[in-house]
Amino acid sequence: MLVHEADQTKSAATPIDGLSLPKESDGAAASTGHLQPKGAFPLKRVIGAALAVAFIVASYCIPGSESLSREGIMAIGVLLASVAMWFCGTMPQGVVGLVGVVLLVFLGVVPSLTEALSGFTSATTWFILCVFCMTAIMQKSTLGLRLTRALIGWAGANSRKLVFAFMLGTAVASFFMTDTGAVVLGMSMALPLLKAVDAKPGASNLGKCLMLGVAFAGVLGGFALPCGHSLNILGIGIMESTVGETVSFLGWMLVGIPIFAVMLPLTWWILTRVFPPESIADKRDVIEANTASCGAWSAKDKKSICIVILLPVLWIAGNWIGALNTTIVAMVGVALLFLPGMDLMSWREFQDIAGWNVFLFFGTVMCLGNAVSSTGGTDFIATLFLNSGVLDIHPFLVLLVVGYVMYLIHTFCPVAPALCLLFLPPLLLWAQTVGVPTVIPVFVVASITAGSFLVPLNPTIVITYDQGYYRFGEVAKGGWLSAAIFVFVTVCWSFFVCDVMGLVQAIPL
């Protein structure tokens with residue numbers, strides 16, 4: 001739904017310090033998907049609760065076996081129950097996650113609350129919270145609006161072109177830094193634009209395209225180079241230890257860059273057709289008037305741009321310097337905001353901007369994923385699939401089926417390192433047996449587990465989801481076709497180019 005004409009007349013010439021993220025009440029209403037008229041019966045929310053109860057009861061009644069314990073069955077049941085409530089907007093997403101954690105303890109899936117809350121010890125969970133320092137900088141300085149004016153100058157009144165510019169910038173940043181960091185960078189730059197054009201969370205198609213676009217682009221840029229994602233390095237390491245082979249930096253690029261070059265414009269085209277962004281032609285004068293007031297670079301602006309440049313440089317350097325862990329760098333970024341002499345904002349201002357809701361949401365998602373993994377659920381699913389006889393069909397079809405199945409598994413159980421460790425060794429041995437280049441399963445598994453275009457349970461998407469511009473189910477609406485094409489293109493191109501060009505080289509053992 002486009003922004004109403006009455007809303008468009010509101011002035012966007014808000015002072016820079018006044019720019020803020022959508023209020024929690026707005027974001028919660030949009031993200032939980034229950035924008036019914038006042039007094040309407042919340043049928044969809046009740047359906048979500050009923051499905052959750054059905055999943056819990058079913059998992060409780062199913063007996064365990066040698067291949068999967070009763071705790072593993074109930075862990076899968078709790079995960080499915082939570083997904084049902086998230087999808088139907090039964091409760092705010094963070095509350096749903098907490099209910100899932102409580103059920104893990106109440107049903108005896110895990111022995112203690114401490115173990116049930118293990119997701120909050122994950123470095124990724126804390127990274128998601130701390131990396132909002134980038135958003136805070138963009139919100140409390142003129143950097144975001146200066147970039148907005150530059151992009152408006154390039155794209156003109158073409159909002160679809162503007163969406164592509166943000167997607168391309170995010171994807172290129174993801175070549176060299178963590179996907180999540182690139183998404184936060186792109187989102188931080190997009191939010192001032194959405195504020196300036198008075199894009200309403202949950203109603204603006206431009207908001208949906210930008211928030212989903214930068215999330216999808218972060219995933220697509222992450223596998224183009226081996227340094228773009230830790231899963232790429234993990235996959236190459238498993239390949240070396242399992243079959244004694246590796247792939248060069250250039251060899252990986254020959255697989256990744258062409259897939260990226262096809263998928264980015266295709267994903268942009270599909271997204272902007274599903275959610276046609278509203279024109280910003282009538283807002284251009286307002287935006288230019290707003291950004292014209294930025295004036296000369298202030299001391300705060302200069303300090304802010306130093307941090308904006310420093311953090312990506314440190315994230316890139318972290319590919320070679322182990323101490324520069326992505327989470328540690330993000331924590332340093334938070335500290336720099338309050339360093340004597342910097343003083344870019346108060347702690348209360350950071351509290352208002354930081355993604356506490358997304359921190360709670362993703363932390364509980366990790367808790368549920370860890371429970372499924374620790375009780376043998378993930379191992380059971382992988383073993384069941386690999387022993388189903390699927391490896392006996394044509395190698396190309398094997399990779400295609402594995403790709404789609406892994407995509408679905410990772411979508412709802414985002415424990416990517418565990419999935420790589422479970423799926424890759426048997427697939428590598430199979431590839432050696434049938435004569436398929438071993439880099440193919442490595443690339444397919446690493447790229448597919450990097451993120452999902454179906455539900456906001458992975459860190460690259462959950463960050464933008466928290467802003468309230470799109471609903472849970474709208475991720476699949478905008479991304480299902482891109483996801484289907486992505487898996488097919490990835491398997492086709494990697495199968496062709498690796499087989500023809502021989503990118504694998506043996507390692508002396």
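Among contacts in the protein chain between residues at least 6 apart in sequence, what percentage join residues at least 24 apart? In this predicted model, the share of such contacts that join residues at least 24 apart is 81%. The protein chain has 25 helices and two strands, and buried residues account for 56% of its 509 residues.

**Helix packing**

Two packed helices are described by the angle between their axes and the distance between the axes. The table sets out two such pairs.

| Helices | Axis distance | Axis angle |
|---|---|---|
| α11 and α12 | within 9 Å | roughly 160 degrees |
| α21 and α23 | 9 Å | about 25 degrees |

Helix α11 covers residues 179-196 and helix α12 covers residues 205-222. Because angles over 145 degrees count as roughly antiparallel, the angle of roughly 160 degrees between their axes makes α11 roughly antiparallel to α12. The crossing in which α11 passes α12 is right-handed. On the α11 side the contact involves D179, V183, G186, M187, A190, L191, L193 and L194, and these meet L206, G207, L210, M211, V214, A215, G218, V219 and G222 of α12.

The loop between α11 and α12 contains D198, a residue that has a positive phi of about 60 degrees although it is not a glycine. With a relative accessibility of 16%, D198 counts as buried, since the cut-off for that class is under 20%.

For the second pair, the angle of about 25 degrees between the axes of α21 and α23 falls under the 35 degrees that count as roughly parallel, and α21 and α23 are therefore roughly parallel to each other. Helix α21 passes α23 in a right-handed crossing. The contact is made by L399, G403, M406, Y407 and H410 from α21, together with I440, P441, V444, V445 and I448 from α23.

**Aromatic pairs**

How many aromatic pairs does the count come to? The count comes to eleven aromatic pairs. One of them joins F396 and F495 in an edge-to-face arrangement, with 5.6 Å from centre to centre and 80 degrees between the planes. F396 belongs to helix α21 (residues 395-412) and F495 to helix α25 (residues 472-501), so this pair ties together parts of the chain that are 99 residues apart in sequence.

F453 and F486 form an aromatic pair that is tilted, at 6.4 Å centre to centre and with 35 degrees between the planes. This pair also links distant parts of the chain, as F453 lies in the loop between α23 (439-448) and α24 (459-465), while F486, 33 residues apart from it, lies in helix α25. Both F453 and F486 are buried. They also belong to a cluster in which ring pairs link F216, F223, W252, F443, F453 and F486.

**Other residues**

A charged side chain is placed against an aromatic ring where R70 lies over the face of Y60, at 4.5 Å from the ring centre.

F127, found in helix α7 (residues 123-130), counts as buried at 3% relative accessibility. Although F127 and P459 are 332 residues apart in sequence, their C-alpha atoms are 9.7 Å apart in space.

Technical notes:
Residues are numbered from 1 along each chain as its sequence is written. This is a predicted model: local features need pLDDT of at least 70, side-chain atom pairs count only at pLDDT 80 or more; totals for chains, interfaces and linings use all residues. Side-chain values use heavy atoms; hydrogens and water are left out. Rings of Phe, Tyr and Trp (its six-membered ring) pair if their centres lie within 6.5 Å; planes under 30 degrees apart count as stacked, over 60 as edge-to-face and the rest as tilted. Helices (H or I, at least four residues) and strands (E, at least two) are DSSP runs, numbered from the N terminus. Buried means under 20% relative accessible area, exposed over 50%, partly exposed in between (1.4 Å probe, protein chains only). A charge sits over a ring if NZ of Lys or CZ of Arg is within 6 Å of the ring centre and within 35 degrees of the ring normal. Axes are lines fitted to C-alpha atoms, for helices over the stretch in contact, and angles run from 0 to 180 degrees between N-to-C directions. Angles under 35 degrees count as roughly parallel, over 145 as roughly antiparallel, 65 to 115 as roughly perpendicular and the rest as oblique. A crossing is left-handed if the near helix is turned anticlockwise from the far one by less than a right angle, and right-handed if clockwise. Contact means heavy atoms within 4.5 Å.
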